[in-house]
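Student: Please take me through this structure in questions and answers, and begin with what counts as a contact.

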Amino acid sequence: MDTPIRIQTPLPQDVVLKLKTGDRVLLNGALFTARDAAHKRLLQLIEEEKGLPFDLRGNIIYYVGPAPAKPGMAVGSPGPTSSYRMDPYTPPLLDRGLKGMIGKGQRGAEVVRSMAKNKAVYFAATGGAGAMLAKTMTASTLIAYEDLGPEAIRRITVVDFPVIVVNDCYGNDLYEQGRAQYETTE
């Protein structure tokens, strides 16, 4: 098995261009959390031509609403959310410099095209492994939308947060590749 690639956020363009579907990655630095309701508010700000609560350029959004933190932890269990729910909101964020997203499940064709156009990547985090993922998180700061509770936007600091590249910036899709490989072995 290949050694994971260690990456420091924000994501530099040259690093994004080198990532390929199937690459195992350990992220270090800041991730921003946001789910459906926060994405809807971000899109509304874009449509109203207002400023966003954080700079998207080079950053990664993790589709998660962490559980409340236990004593000594930065966050509670932060398992990934199904990414397709953010698909309607994603292309405008990518157009404004978002370089990475983390979630679970496949993305829609429009989002994959937008990632290729904007040279961005989609990572998958392991569902059901929230307790393990929480151990990689060292700090959490509220950024916006406190009224959304666990779904508020937060800046989470991570050390060796494990993900896999599902969609690279060339339009490749790990789920499609896996399916095709399986179908050819029957």
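This is a predicted model: local features need pLDDT of at least 70, side-chain atom pairs count only at pLDDT 80 or more; totals for chains, interfaces and linings use all residues.

Tutor: Two residues are in contact when they have heavy atoms within 4.5 Å. Residues are numbered from 1 along each chain as its sequence is written, and side-chain values use heavy atoms, with hydrogens and water left out.

Student: Which residues of the largest nonpolar core touch the most other members?

Tutor: A nonpolar core is a set of buried Ala, Val, Leu, Ile, Met, Phe, Trp, Tyr and Cys residues joined through side-chain atoms within 4.5 Å, where buried means under 20% relative accessible area, exposed over 50%, and partly exposed in between, with a 1.4 Å probe and protein chains only. In soluble globular proteins, nonpolar side chains tend to be buried together. Of the 26 residues in the largest core, those touching the most other members are I61, L93, L98, M101, M115, Y145 and I153.

Student: What is the radius of gyration of the protein?

Tutor: The protein has six helices and seven strands, which follow one another from the N terminus as β-α-β-α-β-α-β-α-β-α-β-β-α. The globule rule (2.2 Å times the number of residues to the power 0.38, with the radius taken over C-alpha atoms) gives 16 Å for 186 residues, and the model is close to that, so it is as compact as a globular protein of that length. The radius of gyration of the protein is 16 Å.

Student: Is N118 buried or exposed?

Tutor: N118 lies in helix 4 and touches L94, D95 and K99, not counting residues up to four places away in sequence. Its side chain is joined to that of D95 by a polar contact of 3.1 Å, a term for a pair of N or O atoms within 3.5 Å in which, within protein, one must be able to donate a hydrogen and the other to accept it, residues adjacent in sequence counting only if both atoms are side-chain atoms. Because the relative accessible area of N118 is 14%, the residue is buried.

Student: What is the length of the polar contact between the side chains of Q106 and E176?

Tutor: Q106 is in the loop between strand 4 (100–103) and helix 4 (109–118), and its relative accessible area of 29% makes it partly exposed. Not counting residues up to four places away, it touches Y84, D173, Y175, E176 and R179, and a polar contact of 3.3 Å joins its side chain to that of D173. The polar contact between the side chains of Q106 and E176 is 2.8 Å.

Student: Which peptide bond is cis, with omega near 0°?

Tutor: Most residues other than glycine have a negative phi, and most peptide bonds are trans. P10 lies in the loop between strand 1 (5–8) and helix 1 (13–18), and the cis bond runs from T9 to P10.

Student: What is the phi of D160?

Tutor: D160 is found in strand 7 and, at 25% relative accessibility, counts as partly exposed. K119, in the loop between helix 4 and strand 5, has a positive phi near 55° although it is not glycine. D160 is not a glycine either, and its phi is positive, at about 55°.

Student: Which element has the lowest mean pLDDT?

Tutor: The protein averages a pLDDT of 92, and 98% of the residues score at least 70. Helix 3 has the highest mean among the elements, 98, and the lowest, 76, belongs to helix 6 (residues 174–184).

Technical notes: Helices (H or I, at least four residues) and strands (E, at least two) are DSSP runs, numbered from the N terminus. pLDDT is the predictor's confidence in each residue, from 0 to 100.
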